[in-house]
Amino acid sequence: MNVIDCKGLTKVYGRTKALNKLSFTIEENKITGLIGRNGAGKTTLLKIIGGFMRGTSGEVRVFSEEPFNNLFVSANVIYINDQMNFPTALSLKEILNVAATFYENWNHELANRLFDYFSFHQDHQYTGLSKGMKSTFNMIVGLSARCALTMFDEPTTGMDAAVRKDFYRALLKDFIAYPRTIILSSHHLNEIEDLLEDILLLKNGKEHLHIPIADLKEWAIGIEGLTANVNEWIGEREVIHLKNIGHDRMFAVVRNNFSEYEKQKAREAGLTFSPVSSSDICVYLTSKTKGGIDDVFIKD
Amino acid sequence: MILNMDGTKPIYLQISEWLEREILNENFKSDQKIYSQYQLAEMFTINPATAAKGLTMLVEENILYKKRGLGMFVASNAKEIIINKRKDQTLKQLVVEIVMEAERLEVSIEELIQMIRDANKREAGE
């Protein structure tokens, strides 16, 4: 079953298109990583899916329903970001108690255990928490709600490395115990990639790539060698990234569609192949030009 | 085992190689039930689908077999298959790399073979 169906979704703010004819589907009980540069449209997309706002045109279906102004979708979806609007009059413990009444599958025991583990104080106020503690509290709400569609938008903002690690493990353990559809947007792809089944890469408000994370690593490959040799081997292939090394050597990232025979020949010609990490592939795919920051510093 | 998280080797491959080592070390014997995808997912903090892919690879190579509703089990000749596979692929590839490096360093084949003999002696001496 598809939990999310998105067809030609466009969202226009003033003159900019935050989403531009975006189409994709997300299946039930998968963890999908939503990846993209700043301003790629991740938050806009999640807010539309969560029913917080409408798209300008196109179609979105969540559990086969239009999410905006929809009670069924609201009850089954939770959207966690770093600007959660919790009532300021309530203490942290009271927020959890109220949240428990909102969500049918809320697990109060899990909420309390996480609350104690991360050393929250029941009388404290949300507004008094540090950035990292706010994110940690949000995460507790997001996990304990056990919503059929759970969306975390940059959930680890401000968390220290130890808490981030705990969060990933808590997310995975609760997902195994209680499978649900999870969307995780993060800038730390290298940290979350092992948790993911699929990856949805956005670029300029469009779907750029939507594949299993396991395929992403084999999707592209790095080649290094003498510039002339590398160029010859690349031929007509799609180049994702190029970098000159020293005077006459070059590193290129291309689509990985070489045959084993071609690779062996290339090795004999002195080229070396190397795997490219998922997060590097994403950086290359979403960069605006084939070059990089170095190009800014080139003086004519 | 600690997974190599630098992103160069797919996690499902690391999982299947780790399971192969467990079988080679006889931590799992013939017809013994192996870890489920969920146990592996929990052990290594990875997505259960990734763990399943690692298991499926071993099923395709007849190292594991499925029993419907019961899980996956170690094939009776699993060890033999793993050893043959590693000889055929891993070891051959390593030899190609050693020979290439020797050429780059202008080490003769005789010298190289002597180095291998020496290494073997040291191994045996320990």
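Colleague: How do the axes of helix 2 and helix 3 of chain B cross?

Modeller: This is a predicted model. In it, the axes of helix 2 of chain B and helix 3 of chain B come within 8 Å, and they cross at roughly 120°.

Colleague: Let us turn to the contact between the chains. How many residues does each chain give?

Modeller: Chain A gives 17 residues to the contact, and chain B gives 17 residues.

Colleague: Which elements of chain B give two or more residues to that side?

Modeller: They are helix 1 (11-24), helix 2 (37-44) and helix 3 (48-60) of chain B. Helix 3 of chain B gives the most, with four residues. The side of chain B that touches chain A has eight nonpolar, five polar and four charged residues.

Colleague: Now chain A. What does it contain?

Modeller: Chain A has twelve helices and 13 strands. Its C-alpha trace spans about 70 × 40 × 40 Å along the principal axes, and 36% of its 300 residues count as buried.

Colleague: In what order do the six strands of its open sheet run?

Modeller: The order in this sheet of chain A is 5-6-7-3-8-9, with mixed pairing. Strand 5 (77-80) and strand 9 (206-212) of chain A stand at the edges; each has a single partner strand, so one side of each has no neighbour in the sheet. On average, neighbouring strands of this sheet are turned by 15° against each other, direction ignored.

Colleague: In which sense do strand 3 and strand 7 of chain A pair?

Modeller: Strand 3 (residues 31-35) and strand 7 (residues 181-185) of chain A pair in the parallel sense, over four bridges. Ile31(A) has Ile182(A) in strand 7 of chain A as its bridge partner.

Colleague: And what does helix 5 of chain A lie across?

Modeller: Helix 5 (residues 131-144) of chain A lies across strand 5 and strand 6 (149-153) of chain A, and runs at about 170° to strand 5 of chain A.

Terms used. Residues numbered from 1 in each chain as written. Chains lettered and ligands numbered in written order. Predicted model: local features only at pLDDT ≥ 70, side-chain atom pairs only at ≥ 80, totals over all residues. Contact = placed C-beta atoms within 7 Å. Nonpolar A, V, L, I, M, F, W, Y, C, P; charged D, E, K, R; others polar. Buried ≥ 20, exposed ≤ 12 C-beta atoms within 10 Å, placed from the backbone. Pairing = 2+ DSSP bridges. Axes fitted to C-alpha atoms, helices over the stretch in contact; angles between N-to-C directions.
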